Structures are given as C-alpha cells and as structure tokens.
Amino acid sequence: MSKVLMKGNEAIARSAILAGLDAFFGYPITPQNEIPEYLSKLMKEAGKIFVQAESEVAAINMVYGAAGAGARVMTSSSSVGIALKQEGISYIAGAELPCVIVSVMRAGPGLGGIQPSQGDYYQATRGGGNGDYHVVVLAPESIQETVDIMKQAFDIADIYRNPVMVLVDGLIGQMMESVDLDKPIKKRHIEPKTFITNGTDYHKGRNIVNSLGLDPVYLEQHNLALQRKYNEIRKHEVQYEMVNMDHAEYVIVAYGTVARIVRSAIDSLSKMNINVGLIRPISLWPYPKKAFDLIPETCKGILVVEMSLGQMLDDVLISNKDRYKVGFYGRSGGMVPDPDEIVEAILHFDEKVVD
Amino acid sequence: MVKYERSKGLTDLRTHYCPGCTHGMIHKLVAEVLDELGLLGKTVGIASVGCSVFSYDYINTDFQQAPHGRACATATGIKRVLPDRIVFTYQGDGDLASIGLAESMHAANRGENITVIMVNNATYGMTGGQMAPTSLIGQKTTTSQEGRIKAQHGSPMKVSEIFAQIEGAAYIERTSMHDIAHVRKTKKAIKKAFTYQMENKGFTLIEVVSTCPVNWKMKPREALDWSKEHMLPIFPLGVYKDVMKP
C-alpha cells in the first residue's frame with residue numbers, strides 16, 4: 001500500500017483501468033481533458049479500446065453499443081458535453097445497459113466558464129433525457145474517494161444494469177493529492193452478462209438491446225419494472241457521511257469539494273463555541289433522505305451550501321419534511337466559497353432561511 | 001426442381017411494412033446473404049429510427065436499436081469490442097444523411113469495419129412523408145407542399161458520391177429495387193459489402209434506391225417506375241468506391 005501524488009483526472013483514468021475498463025469513448029472538453037489524454041495512452045498499452053469520437057453524442061452511442069456488446073465501458077465529459085449525452089443516457093437506462101459516465105462540472109449555463117461549479121446537480125440527478133429513468137449519481141469529495149468510487153461505480157452499473165455517473169467538479173479534476181490506488185473495495189456478486197449482443201452462436205436465442213415500446217401496456221410494465229429496480233437501488237446504494245452531529249446547533253449539508261470547505265468552517269465555528277454538524281451526501285441519487293432523521297433535537301437549522309444557486313436544496317427540503325428551518329448559501333459561475341463566508345452564513349442564519 | 005424455402009435469416013414474423021414497400025425485400029436480401037455466407041450466428045445488426053426500426057423483429061440475428069442517426073456510432077462501439085463479429089446498420093435516408101450524417105461520415109473516415117445498408121426512398125416514411133435530405137427538386141412532401149425548392153431546401157444529398165470521397169471507405173455502391181434484375185444486383189452488392197467486412201477491408205455502404213408508395217401517393221408499380229424515371233437520373237447507379245479496384 002503505497003501512495004502516489006496524482007491529479008484528479010489522471011486518478012479517474014487510472015482507477016477505471018484498475019476497475020477493469022475495456023473501452024473508453026470520449027470527446028475533448030475542459031476541465032476533463034486529462035482523462036481521455038491519459039487513457040489514450042494507457043488503454044493502448046493495455047490492449048484495450050480507446051476511441052476519440054466525433055462528438056459527445058457519438059461517444060455516448062459508442063458506449064451504448066459497447067455496453068450492449070458486453071464491455072466494461074465508460075465516457076467522461078463536462079456540463080455542456082453531458083447535456084449532449086442525455087439522449088444516449090436515456091437510451092442506455094431504457095435498454096438497461098451498464099456504463100460509467102464521469103462528469104467533471106464546469107460553470108454554466110450555456111457555454112459558461114471552465115471554473116469549478118456544482119451547477120449540474122439537476123442535470124445529474126434529474127437528467128435531461130426523456131422518460132421515467134434514473135442514473136445512480138456518486139459525488140466524492142477527495143481524489144482518494146474518487147478512486148474508490150470509480151471502482152464501485154462499475155460494479156453498481158453491472159449489478160443493476162444501469163448507468164452510474166461519477167459527479168465531480170473541476171477542482172477534483174484539476175487538483176493533485178496523494179492517493180492509494182490499490183485500496184481494495186468490497187467484493188460484490190455480479191451476474192454473468194446473458195443479455196449481450198455478441199451473436200447467436202454465443203448464447204441461447206436472440207438478444208436484442210432495445211428501448212422501443214409502442215405498446216403502452218408493455219411499456220408501462222417495463223417502466224414499472226425499472227421502478228422496482230430503482231427501489232432496490234434506493235434500498236442498497238445510499239451513501240453518506242455524518243460529521244460532528246452530537247448536540248449540533250446547526251447542520252450544514254454539502255457534497256463534493258464544498259463539503260471540504262465546510263469542514264474548515266465547522267472547525268472555525270467550533271473555536272467560537274458554535275457546534276455545527278455536517279451531512280455529506282455521497283450518493284446524490286439515491287439521495288440519503290434517512291440521514292435527516294438522525295439530526296439531533298438541538299438543531300436550530302439546516303444550512304445548504306453549494307457551488308450553485310440552490311439545486312441540491314430541493315432534495316434537502318424534501319428530506320427535511322418541514323422539521324427544521326432551512327437556509328441556503330451558494331456561489332456560482334465558477335466562484336468557490338471561502339470558509340469564512342460559510343461561517344458568516346451560520347452566524348447570520350436567519351437571513352439565509354428560504355421559504 | 002428448385003424448391004423455394006424461407007431464408008433462415010428471416011424470423012417467422014410478418015413485416016409491418018406498407019403494401020409495395022421494398023424494405024421487406026431488402027431485409028430478405030440481407031438475411032439471405034448473411035445465411036449464405038454462414039454469418040447469421042456471428043452478426044449483430046443495428047436498427048435505426050424510421051420505418052425500419054423494427055428490422056430487429058425480422059432479421060434473425062442479434063440486434064441493437066440505436067437512437068435516430070446514431071447507428072454508425074453504436075456499430076462502432078460493438079465492432080471495437082467484438083472485432084471478429086459482423087456488424088451492420090440498416091438505416092434510412094433521414095437517419096443516415098440528415099440527423100446521422102456526422103456519425104456515419106466519421107465511422108467511414110475511421111475506416112470502421114462495418115457494413116451500412118442505407119435505404120433511400122426520398123422521404124421520411126414513418127413520420128408520414130416529410131421532406132428528406134434525398135427528396136428530389138420539385139418533389140411534393142408534407143413539409144415541402146409546393147415541391148422541394150433548391151434555393152430554400154437545398155438539393156438532394158448524394159450519399160454514395162459523398163462517401164466515396166472518404167479515405168476510410170472500402171466499398172460504396174448504389175443499387176436500386178425497381179425491377180428483378182436490379183434486385184439481384186442489390187443482393188450481389190450486399191454480399192460484396194459483407195465479404196469485404198469479413199476480409200477486414202473497412203467501411204462498406206450500399207445505398208439502395210427504394211420506394212414509398214403510400215407517402216408518394218402512388219400504386220406500388222407506379223412507385224417503382226417513378227423511382228426508375230425520376231430518382232435514378234439524380235442518383236445514378238454503380239460502384240462509387242472499391243478499394244480492390246483503385
């Protein structure tokens with residue numbers, strides 16, 4: 001177990017290979033370019049597949065084909081690029097194929113900017129694709145956690161035959177930290193892939209990968225089956241961390257790199273004898289609603305901090321069930337909140353309360 | 001005595017195609033070729049969006065159904081993972097030459113070792129007869145009700161001519177379904193394309209000039225004659241690229 005210093009994007013690429021990545025399809029976009037750059041070399045060396053597609057749209061449809069053909073497959077992109085992939089993500093979810101999508105968020109809307117942001121929470125958890133579908137969304141806060149989650153993501157995708165998105169912001173993509181790449185993850189049971197389109201000589205019957213259902217009776221049954229699967233995911237794949245919750249006067253909810261900034265703010269507040277806890281959702285879908293049942297009675301309010309102008313806030317309001325006052329503090333457009341700003345927001349909590 | 005039997009390359013389902021539509025015949029040609037070459041068990045087809053979306057129901061191989069225009073990207077994903085299998089797309093003119101032009105041209109440019117069967121009937125059939133990228137100048141459709149006007153809508157896209165310019169293309173031929181002799185030629189062309197794929201020669205595309213009697217508002221026979229008289233002068237038949245005959 002040795003640690004190496006690595007840039008986030010390179011660690012994502014490296015951990016994907018360690019997780020058994022067979023094929024990568026992508027298209028350049030800042031701030032995730034090191035992922036395809038690194039993989040273009042590593043995949044070739046490993047005798048695996050790397051294709052720079054002509055667009056994000058093509059890349060996600062190559063993922064669709066390769067996943068249907070049985071490969072462990074991934075793509076990576078950022079904000080505007082993920083927007084283009086949404087059609088394909090809906091198809092992959094509808095046809096129940098496994099794949100991993102890495103989204104390194106930059107600031108929007110539109111072409112926006114290339115500084116870190118969490119403005120794509122809705123895009124990730126609500127999706128822009130059509131229909132009743134969900135994508136599992138995992139949001140690590142450090143490069144080590146990103147490496148661990150990348151490995152888990154491929155297993156979760158295979159177990160549920162569903163797209164899994166690893167959602168990080170440009171900070172994680174671009175910064176360097178020391179990581180242990182070999183940290184083992186829990187071994188999970190994965191069924192053999194009997195659904196793949198590899199030719200009828202290689203399996204019983206014909207396999208057809210499809211999301212078309214013109215018969216409403218059939219399609220409703222298919223959608224209900226998907227919902228049953230999503231309920232299983234809700235039951236088994238929720239991940240979150242709770243910090244300093246005993247006798248917390250306030251609880252801050254933050255994910256990804258913002259949670260790290262919040263930790264500094266909590267330290268500062270503790271020196272001022274203000275006890276503040278942290279709920280850090282790691283799975284953004286399924287959202288860790290049950291964490292909110294564990295908030296102590298000492299709590300006077302929940303502050304949501306995001307690098308957006310209030311997106312995860314919706315899930316907090318749903319999970320809170322009107323039990324506590326909810327306040328919000330967010331920065332946007334690529335601006336990263338300072339710990340002092342978060343301290344101020346707690347000190348003036350009543351001004352931050354949202355309806 | 002010659003005994004006619006249904007090709008093993010076709011399933012038992014009756015097609016949903018309109019009377020006089022040549023999709024069913026083109027399916028049969030693909031099915032027969034795959035069977036004759038012994039490829040049925042190692043082939044993956046890609047159905048596109050349009051009338052032929054249900055081709056996965058009729059052609060007796062594994063299939064993936066791709067989003068509109070993305071068939072060649074999906075095919076790329078499959079072929080890269082399974083390079084020893086045969087991968088083909090079955091697309092219409094709207095799917096390939098309009099919404100999927102980028103995916104199709106770049107698959108050709110990468111020299112993806114796949115076969116594209118592109119059916120050109122100069123209209124969007126499934127959605128009810130709108131103007132296609134291959135609609136003829138003057139052709140009346142539901143979205144060009146006065147007829148296609150060059151200055152407003154552009155000219156018909158000549159897929160075979162365009163793809164023949166692409167370095168990675170190994171074999172490009174345009175054929176027609178308007179009479180028996182040309183149906184036979186179409187089968188020969190399809191067979192050649194799949195043979196080239198078996199020999200890893202690269203991207204192959206057969207553009208099949210076809211008909212859409214219902215949306216053209218013609219009887220099947222009239223539609224075949226119309227395709228011969230009006231489409232073939234704009235879409236001349238022939239081999240546009242053959243890497244073996246440079």
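**Notebook: chains A and B, predicted model**

I began with helix 8 (residues 216-236) of chain A: of its 21 residues the number buried is 0, so this helix lies largely in the open. I call a residue buried if 20 or more other C-beta atoms lie within 10 Å of its own, exposed if 12 or fewer, and partly exposed in between, with C-beta atoms placed from the backbone. Helices (H or I, at least four residues) and strands (E, at least two) are DSSP runs, numbered from the N terminus. Helix 8 of chain A reaches 30 Å from its first C-alpha to its last, close to the 30 Å expected at 1.5 Å a residue; the expected span is 1.5 Å times one less than the number of residues.

I note that this is a predicted model, in which local features need pLDDT of at least 70 and side-chain atom pairs count only at pLDDT 80 or more, while totals for chains, interfaces and linings use all residues. Residues are numbered from 1 along each chain as its sequence is written, and chains are lettered from A and ligands numbered from 1 in the order in which they are written.

**Helix 1 of chain A**

I next looked up helix 1 (residues 8-18) of chain A, where 9 of the 11 residues are buried, so it is largely enclosed by the rest of the structure. Among the buried residues are Asn9(A), Glu10(A) and Arg14(A). Just after this helix, Gly20(A) takes a positive phi of about 95 degrees.

**Strand 4 of chain A**

I found 5 of the 5 residues of strand 4 (residues 73-77) of chain A buried. Val73(A), Thr75(A) and Ser77(A) cover one side, and Met74(A) and Ser76(A) the other. Strands pair if DSSP finds at least two bridges between them. Strand 4 runs parallel to strand 2 of chain A over 2 bridges, with Phe24(A) as the bridge partner of Met74(A). Strand 4 also runs parallel to strand 5 (residues 99-107) of chain A, over 4 bridges, and there Thr75(A) stands opposite Ile101(A).

**Contact between the chains**

I recorded 35 residues of chain A in contact with 28 residues of chain B, contact being C-beta atoms, placed from the backbone, within 7 Å. On the chain A side, helix 3 gives the most, with 9 residues. By class, that side has 17 nonpolar, 13 polar and 5 charged residues; Ala, Val, Leu, Ile, Met, Phe, Trp, Tyr, Cys and Pro count as nonpolar, Asp, Glu, Lys and Arg as charged, and the others, Gly among them, as polar.

I then traced an open sheet of 8 strands with mixed pairing, in the order 10(A)-2(B)-1(B)-3(B)-4(B)-8(B)-7(B)-9(B). Strand 10 of chain A and strand 9 (238-242) of chain B stand at the edges, each with a single partner strand, so one side of each is left without a neighbour in the sheet. Strand 10 of chain A pairs in the parallel sense with strand 2 (residues 62-65) of chain B over 2 bridges. Gln64(B) stands opposite Val209(A), and Gln64(B) is also the bridge partner of Ile46(B).

Not counting residues up to four places away in sequence, Val63(A) touches residues including Phe25(A), Ile92(A) and Gly77(B).

Note on methods. Contact = placed C-beta atoms within 7 Å.
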